[in-house]
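Reader: I would like to learn to read this model feature by feature. Please give the general idea each time, then the case here.

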Amino acid sequence: MGGGERVAIHSIKEALREGHEVYLACERFDIDAFEDFFGVQGLFQNVRLLTYSPFRPLVRRAVLYQRLIYHQLRLRPIVSKRQHFDLILNTAEVANHPAARLPAVQYCYFPEYFNHLESNALPKLWRLYYWPAKVFYHSRVNHIDRLLAVSDFTREFVKEKWGRDSTTLYPPCPVDLYSGLRDYPKENLVITVGRIGPEKRMELFLDIARRMPRVNFAIIGSVPVERRSYSDMLREAAPSNVSFVLAPLRKVKDILGRAKVYAHCALNEHFGITIVEAMAAGCVPVVHDSGGAREIVTNNVGYKWDTVSEATRQITNLIEDDALRRKFSQAAVARSSLFRPEAFESGMARVLDEFQKLH
């Protein structure tokens with residue numbers, strides 16, 4: 001239930017608004033819980049669901065390849081049985097794209113992300129392990145007519161990895177849900193939001209908190225089952241001025257309204273919807289200087305940092321200088337409106353219109 005699902009939601013909304021017949025092919029999921037989480041009750045009443053059982057690895061080895069094979073075996077029959085489809089819009093990873101002679105659009109978050117290639121542990125062995133997957137990814141790309149990128153950062157990677165250009169279409173951010181919080185009385189509170197996993201580098205958030213014991217810090221998010229050990233480690237290591245709130249942001253948004261600063265620690269995140277949500281609520285963003293976050297946070301709306309010391313100094317400036325914080329806050333609210341769902345939906349409408357005219 002993250003940014004990719006939000007992209008799917010607003011793609012569905014726009015397709016329905018344009019009068020298209022929409023089918024959703026994916027793993028089986030709890031519709032009521034999904035609609036409640038995103039606040040989109042009734043969304044699937046006009047969508048034809050083509051669902052299949054969620055992926056479960058048979059063995060603990062080669063899980064990547066089990067997943068690739070699993071989705072292909074289930075998605076290919078869905079497409080082949082319904083040749084009247086006019087367009088495949090894939091908002092999941094490209095490996096899920098079924099081989100089919102149909103016009104296709106792929107929304108790209110990151111071209112290929114193989115964790116072990118980013119580490120120094122046996123890089124040659126991991127390169128050999130991932131080589132068939134890389135070949136498979138490229139074969140899927142060859143079936144796609146149009147690539148959309150979640151950010152300019154991702155667009156550059158698409159060009160580098162796949163030799164294809166793409167069009168940047170920023171994801172839909174629910175800014176209206178949080179814009180009413182901008183005038184809340186602010187506290188000396190710093191927050192971060194996201195799935196609690198190593199990729200979010202929340203241990204750095206704890207490091208910042210340790211250096212600012214008189215300021216309150218809060219982590220808002222959910223804990224994936226496979227990341228419980230990381231979450232437990234964070235809780236054990238957390239200083240007393242850090243609290244954990246395990247709930248969807250939209251259900252505890254008053255906390256966001258009270259916060260002065262939003263700190264984002266992830267490295268090379270493809271975009272960062274939570275950064276925009278926080279900006280809409282009047283939080284000043286202090287983000288790691290990498291990835292899509294650099295495109296969201298311009299110099300007039302917040303700070304970018306490379307080290308924990310820099311982040312600590314920047315947050316201290318905002319806590320101690322309220323005039324500076326207010327100036328950044330107003331600019332952050334204004335910039336957040338550029339990422340509203342309407343901007344995404346109008347971009348998706350243009351894409352759908354192009355294919356309707358061509359086919």
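Reader: Which residues line the largest cavity?

Author: T192, V193, K200, M202, H264, C265 and A266 line the largest cavity. A cavity is a set of points, on a 1 Å grid over the protein atoms alone, where a 1.4 Å probe fits but cannot get out; lining residues have an atom within 4 Å of a point. The volume of the largest cavity is about 30 Å³. A search of the whole structure finds one cavity of 30 Å³ or more. Grid points are joined across faces, edges and corners, and the volume is the space filled by probe spheres set on the points.

Author: Two notes on the source. This is a predicted model: local features need pLDDT of at least 70, side-chain atom pairs count only at pLDDT 80 or more, and totals for chains, interfaces and linings use all residues. Residues are numbered from 1 along each chain as its sequence is written, and side-chain values use heavy atoms, with hydrogens and water left out.

Reader: What does T274 touch?

Author: Contact means heavy atoms within 4.5 Å. T274 touches V193, Y262 and H264, not counting residues up to four places away in sequence. V193 and H264 are among the residues that line the largest cavity. T274 itself lies in helix α9 (residues 273-280). Helices (H or I, at least four residues) and strands (E, at least two) are DSSP runs, numbered from the N terminus.

Reader: Is T274 buried or exposed?

Author: Buried means under 20% relative accessible area, exposed over 50%, and partly exposed in between, with a 1.4 Å probe and protein chains only. T274 has 17% relative accessibility, so T274 counts as buried. G272 is in the loop between β10 (261-264) and α9. G272 is buried as well, with a relative accessible area of 9%. The C-alpha atoms of G272 and Y170 are separated by 10 Å, although the two are 102 residues apart along the chain.

Reader: Which backbone angles deserve a look in the loops?

Author: Most residues other than glycine have a negative phi. N268 has phi near 55°, a positive value. N268 sits in the loop between β10 and α9. With 33% relative accessibility, N268 counts as partly exposed. R201 has a positive phi too, near 50°. R201 belongs to the loop between β7 (189-193) and α6 (202-211).

Reader: In what order do the six strands of the open sheet run?

Author: Strands of a sheet pair through backbone hydrogen bonds, either parallel or antiparallel. Two strands pair if DSSP finds at least two bridges between them. Here the order is β9-β8-β7-β10-β11-β12, and the pairing is parallel. The edge strands, β9 (242-246) and β12 (303-305), each pair on one side only. Neighbouring strands of this sheet are turned by 25° against each other on average, direction ignored. Axes are lines fitted to C-alpha atoms, for helices over the stretch in contact, and angles run from 0 to 180 degrees between N-to-C directions. Strand β8 (residues 216-221) is joined to β9 by five bridges. F217 has V242 as its bridge partner in β9.

Reader: Which strands does helix α12 lie across?

Author: Helix α12 (residues 322-336) lies across β11 (284-288) and β12. The helix runs at about 85° to β11.

Reader: What is the order of the four-strand open sheet?

Author: The order is β3-β4-β5-β6, again with parallel pairing. β3 (88-90) and β6 (167-168) stand at the edges with a single partner strand each, so one side of each is left without a neighbour in the sheet. Four bridges join β4 to β5. Strand β5 (residues 146-149) pairs with β6 over two bridges. A149 has T168 as its bridge partner in β6. R146 and L148 point one way from β5, L147 and A149 the other way, and all are buried. Helix α5 (residues 152-162) lies across β4 (104-108), β5 and β6, at about 140° to β5.

Reader: Why is the pair of F29 and F44 edge-to-face?

Author: Rings of Phe, Tyr and Trp (its six-membered ring) pair if their centres lie within 6.5 Å; planes under 30 degrees apart count as stacked, over 60 as edge-to-face and the rest as tilted. By this rule the count comes to 20 aromatic pairs. F29 and F44 have ring centres 5.3 Å apart and planes at 65°, so the pair is edge-to-face. F29 is in the loop between β1 (22-27) and α2 (31-38), and F44 is in the loop between α2 and β2 (47-52), 15 residues apart. F29 is partly exposed at 26% relative accessibility, whereas F44 is buried at 8%. Ring pairs link F29, F34, F37, F38 and F44 into a cluster.

Definitions and conventions. On a 1 Å grid over the protein atoms alone, a cavity is a set of points where a 1.4 Å probe fits but cannot get out, and a pocket is an open set with protein on both sides within 12 Å along at least five of seven lines; lining residues have an atom within 4 Å of a point.
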